Amino acid sequence: MMMKNLTPGEAPQENLPASLTLFIDDLKNRFGQSGDIIYRELQLGAIPSVMVYIEGMGDPRYLIEAIHADMPLFMNLPDQRPEERMKMLQELTITMGKVGEARTFQEVEKKLLSGNTIIFMDGTATSLYVGTETLKQRGVEEASSQSVVRGPREGFTESLRENTALVRRRIQSPKLRLEERTVGEHTNTQLAVMYMEGLCDVDVLNELRRRLDGIKLDSVLESNYIEEMIQDHRYSPFPTVYNSERPDVIASAILEGRIAIFLEGTPFVLVVPALFVQLFQSSEDYYQRWDFASLVRLLRYLCFGIALLTPSLYIAITTFHQEMLPTNLLTSLIGQREGVPFPAFIEALIMEITFEILREAGIRLPKSIGQSVSIVGTLVIGQAAVEAGLVSAAMVIVVSMTAIANFALPAFNIGISVRILRFGLMGIAASFGLYGMIIGMIIIGLHLCSLQSMGVPYMTSFAPIRWRSQKDALLRLSRHSMKKYLTKSKT
């Protein structure tokens, strides 16, 4: 078998044989006699040929009809060479879909596994691939993880081409660029990078290309595989890569100068660079009045503080700083905790872990009963725990407030970060009181200020302060007062 000269690190490319029998035998050996790969042998005039496709991924019916319609033409050209007949087949017979040449077994494998149909003629050392992909995909539905009251109802699907088309429909500009590559040694997953030329920071784009080119994985099945490989700080609890399944969110991010990363097989699209303020913004902020959107955005920051600090604040005050409470409230709390056998920290830990178990159980259960079980389980367990004297009623209220505030955050991954940090702050509060909480918050603030996303400071708009960005940071001012600004500066 002939092989071309290789560059260092390049896999050998095995050229196709000129014999039909050798081609079919070699291809069957490569795919291990798989039953879903169809080999349909046919005669193109006097030349034996074969049509190969994967059942369920490719549908060559229109191709067969086109060849059958031109069969008299092939029969009337008995002396035509196979190369000339292949060219005629490519230029005259196949008039629909994409068509190209595959000259090596590696190219044939890639095209075949992508749903294309392969045509090979005896006497040639090349083959044709014809786009006949028919893999069924889930239709465009409403995004389940980022629902809105007012705004588009479209959400991404598992089809990369359909997802990029949803964004192109919103950004009808020739400056919208799309770069493609393949990741995963065994999965050969298609990946696309989309950005706006002239708005995107070239340094950020080059850095992203370098990181994507450095990915060496056997399989890539979901966008988190890519997220973990390109993020700046792998051990930070805060996400430095944003993700969304809403086309309007991705289109808006691209128009702000960010870069979107699409992956075949997942409805979640990655966005870099990701900023801390972005995690508190919702697409609905721009579909409502500016004053209402600003109020809701401030409410989200408040919910972030409640979800992060409420349990540790309760533990610190009831354990070390009872003098901070009004007398009536202190008396009520003492009465509630009179029969509780555990300190406040253990009490909070039990309730938090119980709620996390109920949350996970509600997600894994079937949708028809999951929500009911989680609600009923929370009410029954909370009431029973209070009546049994295992926890106080105030602790149930604190944990419930914390959980509800956590759900109010628009980005799911920032909610996970809060859940992780909350347990650490609870332990510090149980050991050192409010002083420990303050130290913990300072450490979190310093950590946030040290983070970067593709070289862009994570706390941009706040640290370093950018006054132009304040029009869409804590508040969302009216469109008359907002000016176009980009988030591509590294300063």
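A salt bridge here is a side-chain nitrogen of Lys or Arg within 4 Å of a carboxyl oxygen of Asp or Glu. The model is predicted, so local features need pLDDT of at least 70 and side-chain atom pairs count only at pLDDT 80 or more, while totals for chains, interfaces and linings use all residues. Residues are numbered from 1 along each chain as its sequence is written, and side-chain values use heavy atoms, with hydrogens and water left out.

**Exercise 1.** Find the partner of Glu179 and say what the pair ties together.

Step 1: Glu179 forms a salt bridge with Arg209, with the closest N and O atoms 2.4 Å apart.
Step 2: Glu179 lies in strand E6 and Arg209 in helix H7 (residues 202-213), so the pair ties together parts 30 residues apart in sequence. (Helices, H or I with at least four residues, and strands, E with at least two, are DSSP runs numbered from the N terminus.)
Step 3: Glu179 is buried, with a relative accessible area of 19%, whereas Arg209 is partly exposed at 26%. (Buried means under 20% relative accessible area, exposed over 50%, and partly exposed in between, using a 1.4 Å probe and protein chains only.)

**Exercise 2.** Work out which elements Asp213 and Arg181 link.

Step 1: Their side chains meet in a salt bridge, 2.3 Å from N to O.
Step 2: Asp213 sits in helix H7 and Arg181 in strand E6, 32 residues apart.
Step 3: Arg181 counts as buried, at 19% relative accessibility.

**Exercise 3.** How many salt bridges does the structure hold?

Step 1: The count is 22.
Step 2: Glu352, Glu356, Arg359, Arg419 and Arg422 are linked in a network of them.
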